[in-house]
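Hi everyone, thanks for coming. Let me put the structure up, and then we can walk through a few of its features together.

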Amino acid sequence: MTTKFLKQSVLTLGLTVVILACGDSVSKKEYKSPDEEFGELFKEVQLKAIFSDSKIFADASPKGKAEDVMKRYEEEKTKPNFNLKRFVVENFTFTTPNSKYVSNAALSPQEHVNELWTVLTRRTKESSGTLIPLVKPYLVQSGASTETYYWDNYFMMLGLQAAGKDTLMANTVLNFAQLIQDYGHIPTGNRSYYFSRSQPPFFASMVKMLAETKGYEDKLIKTLPQIQKEYQYWMSVDKGSDDAQKQNEARKKGEKAYRKVVFIGKNDMLNRYFDDNDTPRPEAYREDILFASKISGRKANQVYRDLRSGVESGWNFSSRWLRDGQNLSTIHTTDILPVDLNAILYDFELTLASIYEANNQTEYAQSMKQLANKRKVVFDKYFWNESAGFYFDYDFVAGKQTEVYSLAAVYPLFFKLASQAQAEKVAKVLEAKFLQAGGLMTTLNQTSQQWDGTNGFAPLQYLAIQGLRNYGFNDLANRIKQNWVANNLNVYKTTGKMLDKYNVSGSSSGDYPRQDGYGWTNGVLLKLLSEK
């Protein structure tokens, strides 16, 4: 590769190095989403509300081959005595995990969390309906779950690290590496209907965490092909070299975006959350159709895609994605350049650069450093607000920053993308506006969406704490830690459970659903409690 060609690649797509390093796109076994596989039957079951929750049927397994079930359906559906619910019950199986686990509040929080690792471990050797088998045992977020979710695992791994569960940590990385190898990316979860989208790409961070563990130091270099492939996916060239060409053509035509990539300025690119499908989510099929039907002035397929893309963000849902900051009917996720995603990808580029360097691939390393440096300059231009002293998402369609104060602003601190002066200003805003008796608020907007207001989530607390520590704001970091840990422990003392989310305002968290879990809460809490 000539220097001239390398520079040209960086200025145009910035992806040629990765494409050449990865080779051809991966081959994969095809798994159909249930709305595609069962067509009219799936639609009828969901729209007639045979089950209280659309996910129940989306997770069902046919008894025998899908084509045989559909053949029986076509033969029987016109018969006078046909009963749809009876047909479904006779032709599908429904599995709900029941560990028979009963929490013991007499255990210390650490003992409780460590006891739950077994309860939250699943094994799949064969495909079952929409559930995609993984090569190793894996963790789920609650006792009622069968599938694992992508970004949850980074925060569960923090707990595994603190507990010395090295094998489970390695299993997590191996499972995700295999998914990337087979399918080109890590889907939202290991269900066939999640393959059109991913989640915040923490895989490289997971590998780095595992590489800190004795005996796994070489994992960064060994997983280079998978890390490359995931970067390819997020830069929207995962379908092969023809996709890179399509991206280039879209830019020449003056289009603002292509899949997960948004064209900023003459030679710059940033990323967005973007689901490749624009149909109702199978796991929320009826709900999505009814929701979209009530929105005037918008095409239903765009609403579906924005909902799907909101799920990919992990913040499903939040005022971050709402045009009016309040109503879900104004969701426009695909118009938004997110602070958090682009901070993760900055670290992704630096990680690739460091692996290339360690692997004596200096030309590739230099190219990735250039891409990271370029992203950093563009990042400050579009996300930093000097007058507010804070980072905001950017609406590239409207051509302006959003006005939503959110904890996405801690990502540049966690990934060391902020300057010292920027970090200091963010710290002041966190202390003055976000900090509550039970931890940090998710956003300053009180809405009906769960990723807003005084709802607090373990991942964001941890990222904030570590981000502040990166810049020396240890006192504030420790206050957040103390408030959050106390919140967790108080709820555990009264309920014997760890929750998905907590009310950080100081009032009771008793109105939130309780289940045996919760994966990322367990992981972050154990990590924080293990600190000396």
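Let's start with the open sheet of 3 strands ordered β5-β6-β7, where the pairing is antiparallel. The edges are β5 (257-258) and β7 (268-271); each has a single partner strand, so one side of each lacks a neighbour in the sheet. Strands here are DSSP runs of E, at least two residues long, and helices are runs of H or I with at least four, numbered from the N terminus. Two strands count as paired if DSSP finds at least two bridges between them. Strand β6 (residues 261-264) and β7 are joined by 4 bridges, and Val-261 sits opposite Asn-271 in β7.

A quick word on the source: this is a predicted model, so local features need pLDDT of at least 70 and side-chain atom pairs count only at pLDDT 80 or more, while totals for chains, interfaces and linings use all residues. Residues are numbered from 1 along each chain as its sequence is written, and side-chain values use heavy atoms, leaving out hydrogens and water.

There is another open sheet of 3 strands, in the order β8-β11-β12, also with antiparallel pairing. Which strands stand at its edges? They are β8 (336-337) and β12 (400-401). β8 pairs with β11 (residues 394-395) over 2 bridges, and Ile-336 has Asp-395 as its bridge partner in β11.

Finally, helix α6 is the place of Glu-67. Glu-67 is exposed, at 51% relative accessible area (exposed is over 50%, buried under 20%, partly exposed in between, with a 1.4 Å probe and protein chains only). Thanks, everyone!
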